[in-house]
Amino acid sequence: MASATQSGTSTPFSSTTTLSAPPTPKLKAAANDLQRIAESGAITASTLIEYIASRTASSSSVFVYDLAEQAGFGSLTKSWAEAGNGTAPVVSLQTRAGAGLSLVGRLSQGSSKDVAKGAILTAYTTPSGLAAMVQSLTYLPPATPTSRLVIQVPTVTPVGEHFALSPTLAPLTPALPLLPEGFTVLISATPQEAVELAALSYQLTNTHVIHLFDHHGATRETGHVAVPPVILPEPGLTLQEGLKKAGYSAFEYAGDQNAETVVVLLNGPLALTAKALARRVSGLGVVIVRVLRPWDEEALRSVLPASVKKVHVFDDVPTETTQGALYLDVFATLLNPLERGPVVKAHRVVPARTQQFLADPVAFLTFVTDLLPFPQPIPSLAAPNLKKLLFFSTPQSVSALPRMVETVFLPHKALTSRLLTDYDVFSKPGGVEADRIVLSPKQDDSPFIPLSAILPISPRSSGVADFVAILDQQLLKSHDVLSHAASGSPVLVVTDATAAELVASLPSEVQDLIRARNLRLCILDAKDLAADLSKGNAHVQKALENVIALLAFLRLYLGQAATEELVAKVARADLGDSVQGVQLTQLVSKSWEGLVEVELPAAEATPDAEKPAAAQLKPFEFNAIAVETGEGDTVVNGARLATWHDAAKHILFPSAFTPAGVAHTAPEEQNPALRPELPERTFLITCTVNRRLTPLEYDRNVFHLEFDTRGTGLKYEIGEALGVHGWNDASEVLEFCQWYGVDPDRLITLPVPGSDGARVHTRTVFQALQQQVDLFGKPTKTFYTELAEHASNIADKYALRFIGSPEGSATFKKLSEKDTVTFADILRRYESARPGIEVLCELIGDIKPRHYSIASSQAVVGDRVDLLVVSVEWVTPSGSPRYGQCTRYLAGLKPGQKVTVSIKPSVMKLPPDHKQPIIMAGLGTGAAPFRAFLQHRALLAAQGVPVGPTYYYFGSRHQSQEYLYGEEIEAFLLDGTITRAGLAFSRDGPRKVYIQHKMREHGADLARMLWDERGVFYLCGPTWPVPDVYEALVDALVGHAGVSREEAGAFLEGLKEEERYVLEVY
């Protein structure tokens, strides 16, 4: 079709079942393709800003914060990064306490590779996210040509009880005074300006840059020619020079050159609206602040007219009691103790007021004109030759129509088309889409005015749209949509109802509005018309529905000049001569016949007492932004969503809500709010029970743990293992920090393992050494070799090299296995080897999770997981005590403490047939998985499910001290869950008795169950009894199954392949 060639984007004729974002041209092509697409106007300025920021020529890494993605900015960058082709590496980050420290770490001395090779880092966040980062940015080193930070900030913030999206900068105001020197803060409002200032952000080389742009409206519009500039950093380029080259200044003045009243605003939609007003009334001047930092007092004074007497500063503030930073800057600039200057007055604009001004531009214009010393009429900001079109749709409707209309007008030589799409995902299941299109003559060179000022979507509108399309008739009964239609304008309703049925379904107040404004209500049954032509093909039918609706729109748009021939001529330029095999002329004829104007009957006089209660029509509220990625995914408020109910949840709970299905389809993905350095899918569970099972005087501390898993999503199967991410002992970590001479509260940035430096996280030295770095673990050979390079003493250097060499294997083995030295021990032994703490952390590596067999069945215990653990303690040959890192951590847990865990699959699985016999042999804590087995079989029996024989063998030293879960075992024996038990307590009798001895007593049963009944044998515990247990089973088979020893051995080997001879030993 022609449109694809002319605009670079396809006409959306395909069927859609959910609200979809305007299609984004794929920016995976070469730069000249991007320029062609941009010149067509088919791309938004926000998309161009993402493209500029994400190029490897601009950034070495791009950090996408969650709040930016939730505002619809960053998803494309991620999509491009996955495809490669010149996109910088992308790092996803969460906005939380300490946000920004990752960026500081990357650019700080000592955090290694990035500083050495140079790093131009880009971050995406929102005003709220930036406010959370400001404190961290105070630690940022000065910018250099090869090491600096650029933050792109789409100005979108959820406000109010309904989470409406707003361009307010109120969240940033309290934090702005904390922003360190060395930052340039640029603010843009128009699409072209936003693209050019985004480019300037990377051309300035001697400053960090924050660029705020109007992503709430202007930069999400399509229809603007915004050519992406070539980004070439210019060392030595000053801010003033850069602005001048781009055609801008730090402060822009508009309005009466002899004005006595001047309004000062930060660049944005309200500032542009005030600018348009100042050009239409006398006595008013407007100063737009484009550069907030560094504040240039001389530049501000130079743009103010000499006649100014009053300066009104509009400050975005979170509350009425908050003092705005802009007012303080302006007041300090104009304060002159030597002569009388203009009066400076602050106007604190809270988010609710901003929303009011955006929804009702007349209220804002009235507020500004009331500041003048004499009354002024409120002028219209819209040029008389503008055409304002408004479309409301739902997922089930022909929601592609607005994009098709735009595609028709984009290549038009005489017209300019602007399209802005907003979503309301709260007011109706499935969501509501509102599309604003404004058409104007191409030669119109009037300044840019926001669509919110030209075509506002406000509750109980007085009527500003020249055309309104309702693409789902149900919206007429549920939402206030018709009030936006101007008097005498056409209204298109796409519906399968007849005229009489539609009128009967309309609320009385909607009918009254149609009569009062003399609206031309037209209906079109696009579905029925398309069905006649599609020959039963659902895809073709949906495409034809959209085309028929487009043709009906063109007829109404052209008005009295419309003929079938003219409509076909206009449409042919975009659609061609046929669509889906149907001639365009036939479609025009069908559309012409099917468009019916509805005549409402005269209103009947009804006494007020008899009138039905007025329907509560809902207003449209903009609370969601959708982006379509290059892969065709629709990303709503940062989430790839299956339904728009999910979008609403994501707005309400952005940090806690995970869309349904994500955890199940990608369980290996890390919860971004929990231990971001861990590659495993982790859960934060709560210790509720830590009970010692052995007597205090006993030399083995065996203890039972229970954890509450409610609300975590943790699920486990019988026999699986729980990976515990244990911490090092706090006192030993602090002692090491003191000895090593490092401040435990110092911040360091470490790469996430396996990310090749593409992902990092920041924490204090103490947090890193306690929670992540395996400081008290066993050194590898490579550690000795790598540590040698940091030794200043030659003897230490050679000693470390020797231990790490093949020749030093005996020494390494002695240190590792006999002396059981730790990383900390080696550092103390070779004191001259002192790498920086960041380097040391990378040399040592991370604590590995320790896995413990789960001692519970989730079907029985519910939101709980149990462990059976024995403390590992020993003494080295030199007399130093040693402790198992993780068991020591677990033994010290108190109820209420949180623990990070993960799940690991295991070979310990129950057989698929409940009637198969099971034989369990556990030594010490090897009893853990068998407790889960027994719980599950007891549950099955209680439910009346037949189960096979269950044999249980358990071994420990003393029954009185180490009969683990003894009371439960006795209960299982009494109720028949355990068919037979063999309990071996090796130190209680005159001779040592082990589990293999008990197994031999039941040789006939074991042979029958394994040989004849497809039984399964399990052994869990230490490795030493494996040969003896194996021999006991061989003897049982030889003695009772009538086979030779060789045949018995081969049989057991075969059972391993069938997963009927299962060992989990350590």
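The model is a predicted one, in which local features need pLDDT of at least 70 and side-chain atom pairs count only at pLDDT 80 or more, while totals for chains, interfaces and linings use all residues. Residues are numbered from 1 along each chain as its sequence is written, and side-chain values use heavy atoms, with hydrogens and water left out.

Staying with R293, its side chain makes a polar contact with the side chain of D329 at 2.9 Å, the term meaning a pair of N or O atoms within 3.5 Å where, within protein, one must be able to donate a hydrogen and the other to accept it, and where residues adjacent in sequence count only if both atoms are side-chain atoms. R293 is buried at 19% relative accessibility, buried being under 20% relative accessible area with a 1.4 Å probe and protein chains only.

Next, select Y784 and F812, whose ring centres are 5.9 Å apart with planes at 90 degrees, so the pair is edge-to-face (centres within 6.5 Å, planes over 60 degrees apart). Both ends are buried, Y784 with a relative accessible area of 1% and F812 with 17%.

Then select F391, F409, F467, F553 and Y557, which ring pairs link into a cluster.

Finally, turn to two arginines over ring faces (CZ of Arg within 6 Å of the ring centre and within 35 degrees of the ring normal): R828 lies over W739 at 4.9 Å from the ring centre, and R888 lies over Y883 at 4.4 Å.

Notes: Phe/Tyr/Trp six-rings, centres within 6.5 Å; stacked < 30°, edge-to-face > 60°. Buried < 20%, exposed > 50% of the residue type's maximum accessible area, 1.4 Å probe, protein only.
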